[in-house]
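Visitor: Please give me a close look at a single part of this structure, and then follow its surroundings in one connected account.

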Amino acid sequence: MAGKYPTSALGSSTAVEDYLEQILELINSKGYARVVDIASGLKISQASVTNMVQRLDAEGLLKYEKYRGLVLTNEGETLARNIMRRHHLLADFLKLFGLDEQVIHHDVEGMEHHISPPTLRAIEALTSQLQRQPALLAKIRGQMDA
């Protein structure tokens, strides 16, 4: 999947990951994903989406029928779920510190494609511990305000 796009920690391009994440979000919320909806969600042209969707079809990550829509393959859905899980974990971690939603969104978009699996596991463990130790979290948040 490497090529002209930067490669993420999962080995796929960041563009591929953005598309798969958007497609899965659309399927989860609407029950389907169409080129026009993907283009709207990613704020790019329908022609660009069509080109990428054809590429993802060729790579076996989805099945695309022109004018009908698309569905993720098992491989595509697994990758999309991992991307979405990583996104939510990073957002949940940053929310613990009371950061502004726009800051969280911006930072997660910047980090999510580049964080390694070991670092993600460390953040997951830390998030879990901080959620169980509100006094420690309050202490950390107090240091942030100082």
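Guide: G41 is partly exposed, with a relative accessible area of 34%; buried means under 20% relative accessible area, exposed over 50%, and partly exposed in between (1.4 Å probe, protein chains only). This is a predicted model, in which local features need pLDDT of at least 70 and side-chain atom pairs count only at pLDDT 80 or more, while totals for chains, interfaces and linings use all residues. Residues are numbered from 1 along each chain as its sequence is written, and side-chain values use heavy atoms, with hydrogens and water left out.

G41 is found in helix 2; helices (H or I, at least four residues) and strands (E, at least two) are DSSP runs, numbered from the N terminus. Between the C-alpha atoms of G41 and Q102, which lie 61 residues apart along the chain, the separation is 17 Å.

Helix 2 (35-42) is one of the elements covering the buried residues of helix 1, and helix 3 (46-58), strand 1, strand 2 and helix 4 (74-95) also take part. Helix 1 itself (residues 14-30) has 17 residues and reaches 24 Å from its first C-alpha to its last, close to the expected 24 Å, the expected span being 1.5 Å times one less than the number of residues. Among its buried residues are V16, Y19, L20 and L24. Just after helix 1, G31 takes a positive phi of about 90°.

These elements also meet in the largest nonpolar core, which has 24 residues, with L20, I38, L56, L62 and L70 having the most contacts inside it. Such a core is a set of buried Ala, Val, Leu, Ile, Met, Phe, Trp, Tyr and Cys residues joined through side-chain atoms within 4.5 Å. Helix 1, helix 2, helix 3, strand 1, strand 2 and helix 4 each supply at least two residues of this core, and helix 1 gives the largest share, 7 residues. L56 touches V16, Y19, L20, L61 and L62, not counting residues up to four places away in sequence; contact means heavy atoms within 4.5 Å.

L62 leads on to strand 1 (residues 62-65), where L62 and Y64 form the covered face and K63 and E65 the uncovered one. In a regular strand the side chains alternate between the two faces of the sheet. Strand 1 runs antiparallel to strand 2 (residues 69-72), joined by 4 bridges; strands pair if DSSP finds at least two bridges between them. L62 has L72 as its bridge partner in strand 2, and K63 stands opposite V71.
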